[in-house]
Each structure stands twice: as C-alpha cells, then as structure tokens.
Amino acid sequence: MLPFARVTIIGLGLIGSSIARAVRQHMPTVRLTAHDADPAVRARVEELGIVDDVTDTPGVAVTDADFVILCVPVGAMDMVATSIAPELPVDAIISDVGSSKAGVLATLTAALPGATVIPAHPVAGTEHSGPDAGFASLFHGRWCIVTPPPGAAEAAVARVSAFWEALGAKVDLMEPRHHDLVLAVTSHLPHLIAYTIVGTASDMEEVTRSEVIKYSAGGFRDFTRIAASDPTMWRDVFLANKEAVLEMLQRFTEDLTALQRAIRWGDGDTLFDLFTRTRAIRRSIIEQGQDDARPDFGRAHP
Ligand code: NAP
C-alpha cells in the first residue's frame, strides 16, 4: 500500500524535481501537484512533464493533498507555510527537505497551528540547482533523516518514512537539534571551509587566477565543487543553523591551531597520526556505500 495518494511539492529545484521524478518512477499512481515561485521554473516543469499539475499559487497546490513537501530554501519556509495555511486539508501531513531542522520545525509549527508537521532531510544532493538538475535516482542508497517533533503521531512518522524508503532512501529518525549538530560537522562546516578556501585562493595577489585554475588538480578543484553550491540555499543554512555551526567552527579553529603549532615545531608525529586517522574515515565511507571507491572519485582520465 502506498503511503500517500496525492502529493504536493512546493519548490521545483534540484530536490523538488528529483522527488517528482522519483515518485513518477517508484509510485506512478500517485497524483503529483506542484508550485514554484518562479514562472520560468513552472513553465519548464510543465515542459518536462514530471508532475500532473503545476499551479500558479501555493494555496491552490495543496487543497487536495494528503502529503505536502516544502522544497524551498530554508529562509523561504515561513512565507510558503503562511501562504498555504488557509488551504491545507486538516488530515494532510506536511514535511520539508530543509538542510537544518530545529528552526524549520519551529517555523512550520508556528505558521501551521494544529497541522501534522513531520520534517525530514534527504542527505543527498549535488552542486547544481533548478529543475533540470534533478534526477530520479538521487536518493537511492542515501540517508533521509526524519526529525519528528516530540509526541508526533507514530503513524504519521511511519508514512513519511515509508515515502522516503519508496524513493530508494534509507531512513533514520533523529531529534531536530541533534540533526543540526551532526550536519554542522558533516555538511555545513565542510561547505564553509570550501567557500573560504576558494575565496582565499581567488583573492591571493602573488598567485594569479590562471595559475589557481591550471594547477587545481592538486586538491583545490575538489573544494571548488562544494563551493559551487547554491548561494541562496547556503546563506539560509548558515543563518538558520547558526548555533551549531558556530560551536563546530570553534572546535575546528582550535584543531587547526594545534596543526599550525605542529607544523611550526616540526612535530611530524602529530601530523602523521591525524592523517592516518582521517584516511581510515575515508575507507569507512566507501565501505558503507556512501561514495565511489574508484581513484579520484571515478573521474575519467583519458
Ligand atoms: P534549488 O534548486 O535552488 O530550488 C529551490 C526552488 O525553490 C527554486 O526553484 C526557487 O525558485 C523555489 N523557491 C524559492 N522560494 C520560493 C517560494 N517562496 N515559493 C515557492 N518556490 C520558491 O534548491 P534545492 O537544492 O532544491 O534546495 C531546496 C531545499 O532542499 C533547501 O531547503 C535545501 O536546504 C534542501 N536540500 C538541498 C540539498 C542540495 O544538495 N542541494 C540537499 C538536501 C536538502 P527561485 O529560483 O525563484 O528562487
């Protein structure tokens, strides 16, 4: 039995359009309705034919839904939730895919009093945005973290979990604040570091931009992939997950200072021990199927 029959997606970028494509593939009888604020995105989604109906306003998109997923940047959740509130059916379950969870849960609960809110975060993505960037297999074998509020109805949590499992994801349940701390380490801090390194390199006056690009295979180019991620999405993530990111940044700064000292004092053992530990982490990620085991991330080398 399908967890939902009438699904509405608000926001048809990378994640929203991937959900639409995956629902089409794995649950073809589900009726899909969608809305995006951008008329050009709406027109493109009609052209792609990945949903049954595209509406001009968010309210009309939800009138008949049994499941509504908000796939907009975290900073836009409030505006969207407020605009659908008068039209949301009483028995509909509302969820989102935002990359930070405690703030989004508070926003949705306040904007939709009495609604069943079960937030989630598919830990899957690419550095691309927009409806053409989406693909049906994005969630295959990836984790989706469901972060229900305390006291949430078990049946509603089970239906949201079953939805993600049907799209090929593996589901974990987590308390929203714990999610924000975990993701601050595994996703938000790495993005902040990548944005910093790429910014620093492009600002250096003694090294030209053409040299930075020419010799990027020395490690830099792997940071540029992350630093090419959507500016709106990431601005909102850092503002929404401020506390956890600042806490992790403090720890990171201390660890960086310790490495700086080891280099200054020629303490090779400290460097070697750390690099040995980090290599083992990479092995575990590959063993758990969360990355490509081929050298250089499977890039083709003619
Ligand atoms: P995206 O490709 O930029 O798509 C977002 C879409 O939402 C855009 O078409 C945008 O339109 C639209 N939108 C913005 N404000 C809106 C509003 N008020 N009403 C309706 N539509 C609105 O972004 P994405 O990568 O799919 O990210 C969407 C959400 O998924 C974010 O909350 C993000 O944190 C989360 N997420 C992203 C990733 C990832 O790797 N990208 C992974 C997991 C979760 P405009 O073009 O007009 O702004």
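This note sets out points on the ligand site and the sheet of a predicted model.

1. The ligand is surrounded by 27 residues, and the closest are L14, I15, D36, V72 and S99. By class, this shell holds 16 nonpolar, nine polar and two charged residues.

2. In L14, a backbone N or O atom lies 2.9 Å from an oxygen atom of the ligand. In I15, a polar backbone atom is 2.8 Å from an oxygen atom of the ligand. D36 uses its side chain instead: a polar atom there lies 2.7 Å from a ligand oxygen atom.

3. Cover of the ligand. On its own, the ligand has 900 Å² of accessible area, and the protein covers 83% of this area.

4. Six strands form an open sheet with parallel pairing, in the order β3-β2-β1-β4-β5-β6. The edges are β3 (53–54) and β6 (116–117); each has a single partner strand, so one side of each is left without a neighbour in the sheet.

5. Which strand pairs with β3 over two bridges? The partner is β2, residues 31–35, and the two strands run in the parallel sense. Within this pair, A34 stands opposite V54 of β3.

Conventions
Residues are numbered from 1 along each chain as its sequence is written. This is a predicted model: local features need pLDDT of at least 70, side-chain atom pairs count only at pLDDT 80 or more; totals for chains, interfaces and linings use all residues. Side-chain values use heavy atoms; hydrogens and water are left out. A residue is near a molecule or strand if one of its heavy atoms lies within 4 Å of it. A polar contact is a pair of N or O atoms within 3.5 Å; within protein, one must be able to donate a hydrogen and the other to accept it, and residues adjacent in sequence count only if both atoms are side-chain atoms. Accessible areas come from the Shrake-Rupley method with a 1.4 Å probe; for residues, only the protein chains shown count as cover. Ala, Val, Leu, Ile, Met, Phe, Trp, Tyr, Cys and Pro count as nonpolar, Asp, Glu, Lys and Arg as charged, and the others, Gly among them, as polar. Two strands pair if DSSP finds at least two bridges between them. Helices (H or I, at least four residues) and strands (E, at least two) are DSSP runs, numbered from the N terminus.
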